[in-house]
Amino acid sequence: MATVTFDKVEKRYADDTAAVKSLDLEVRDGEFMVLVGPSGCGKTTALRMTAGLETISGGEIAIDGKVVNNLAPQRRDVAMVFQEYALYPQMSVFDNIAFGLRLRKLPRAEVRKRVEEMAGTLSMEDLLARKPRALSGGQRQRVAMGRALVRDPKVFLMDEPLSNLDAKLRVQMRYEVTRIQRDLGTTTIYVTHDQVEAMTMGTRVAVMRGGVLQQVDQPETLYEAPANLFVAAFIGSPEMNLLQATVVDRDGGGTDLEVGEQRLPLPDEALARSPELRSYVGAEVIVGLRPETLSPGGPDDAARLVGEVSAAEMLGADRLVHFEVAGAPTFTSELIDDSRAAAADAAANGSGPASRVSAMVARFDALTARPTPGERIEIAVAVDRAHFFDPGSGRRLTPAR
């Protein structure tokens, strides 16, 4: 096992396109680190540079304290599993797993011992004689993992290994991959664009965008304390509702959020959690509301939004209710812009990433709430659990310590 350290790592191509920009990241010994982000964010490039499959334009990558920038892939003691299984179709499961060991000229008895131990870890003892064509997709992926892991590498690299599996099998394999990694304790870097995979599998998760590391932390922290608008919108399914609002003083005392033509009282708990909000009176902020902080409301709820149901999705115990609030501009993860100037302009005039389409989603109990499309609905808002972001920089307003 080993640590992996990225120290201001850069990757630039001949046309000066920057795929990875000044990446600083430490993957701890035995950790399951997930790199997640949209297509083109630089996560796979970072993984390939670690493996030695891409050259490094700047900075250093160290494995177990040794800089590997100029080491050939076979000298880095890493093993990689790709999106495609790349099994040898003419070989049995046993021979596929044993292939790398035989290249290293290990004694036959040692090869058999290691392969049988790995088959036990993978729960594939009864499949060693089969050819890949006789295996399911999940079984083939386990063989590919076994072929990499049987070498006992210092670092295990995985590039979207579950993306070719169907939805049900992906759920099963998420468990299998995390179980195997936990049992073996091998330092692992796992790349995916699927934030559900990232949140359910990673010890820690590193969110990337445009080649830049946005935030790295435990899944719970990313969800509960996103560092900026992009992380807030990207992490979570359904994604966080992001509303443009103005902080205003209330006649007679108190502070409100003005959302379109409606107002949400800011409770003392919200101001205590984000004391920086007080400096935004008379200015605009972006309010982040997770779907579970919205519930069926009524006239007795001090903080509520009135809207119209556009759709309702039954998901077993939950019902996702999509609704629109007139005049309440919203942000979406696809429309959040990198540019501070563009974001500030959007906050000022409703253009750019801000949209006057006020689509929001709430998570209701499916048994007790059954709204229908076209129905006028009142939504109670747990403002004390809201997140607040600066519209110019996109950063999360400093929480109370």
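With which side chain does the side chain of E31 make a polar contact? In this predicted model, the partner is the side chain of R204, at 2.5 Å. E31 is found in the loop that runs between strand 2 (18-27) and strand 3 (32-36). Its relative accessible area is 5%, under the 20% limit, and E31 is therefore classed as buried. Apart from neighbours within four places in sequence, the residues in contact with E31 are E26, Q181, T186, T187, T188, T203 and R204.

Helix 1 (residues 43-51) is largely enclosed by the rest of the structure, because seven of its nine residues are buried. The buried residues are K43, T45, A46, L47, M49, T50 and A51. R48, by contrast, is partly exposed, at 27% relative accessibility. The side chain of R48 meets that of E54 in a salt bridge, with an N to O distance of 3.6 Å. Just after helix 1, G52 adopts a positive phi of about 90°.

The largest pocket holds about 560 Å³ of space. Its lining is made up of 21 residues, and V78, A79, M80, F82 and R151 lie nearest the centre. Two or more lining residues are given by each of strand 6 (78-81), helix 2 (93-103) and helix 4 (137-149). Strand 6 supplies the largest share, four residues. By residue class, the lining of this pocket comprises 15 nonpolar, two polar and four charged residues.

The salt bridges number 19 in total. One of them joins D95 to R102, with the closest N and O atoms 2.8 Å apart. D95 is partly exposed, with a relative accessible area of 27%, and R102 is likewise partly exposed, at 41%.

Conventions
Residues numbered from 1 in each chain as written. Predicted model: local features only at pLDDT ≥ 70, side-chain atom pairs only at ≥ 80, totals over all residues. Heavy atoms only, no water. Buried < 20%, exposed > 50% of the residue type's maximum accessible area, 1.4 Å probe, protein only. Polar contact = N/O pair within 3.5 Å; in protein donor to acceptor, adjacent residues only side chain to side chain. Contact = heavy atoms within 4.5 Å. 1 Å grid on protein atoms, 1.4 Å probe; cavity = no way out; pocket = protein on both sides within 12 Å on 5 of 7 lines; lining within 4 Å. Points joined across faces, edges and corners; volume = space filled by probe spheres on them. Nonpolar A, V, L, I, M, F, W, Y, C, P; charged D, E, K, R; others polar. Salt bridge = Lys/Arg side-chain N within 4 Å of Asp/Glu carboxyl O.
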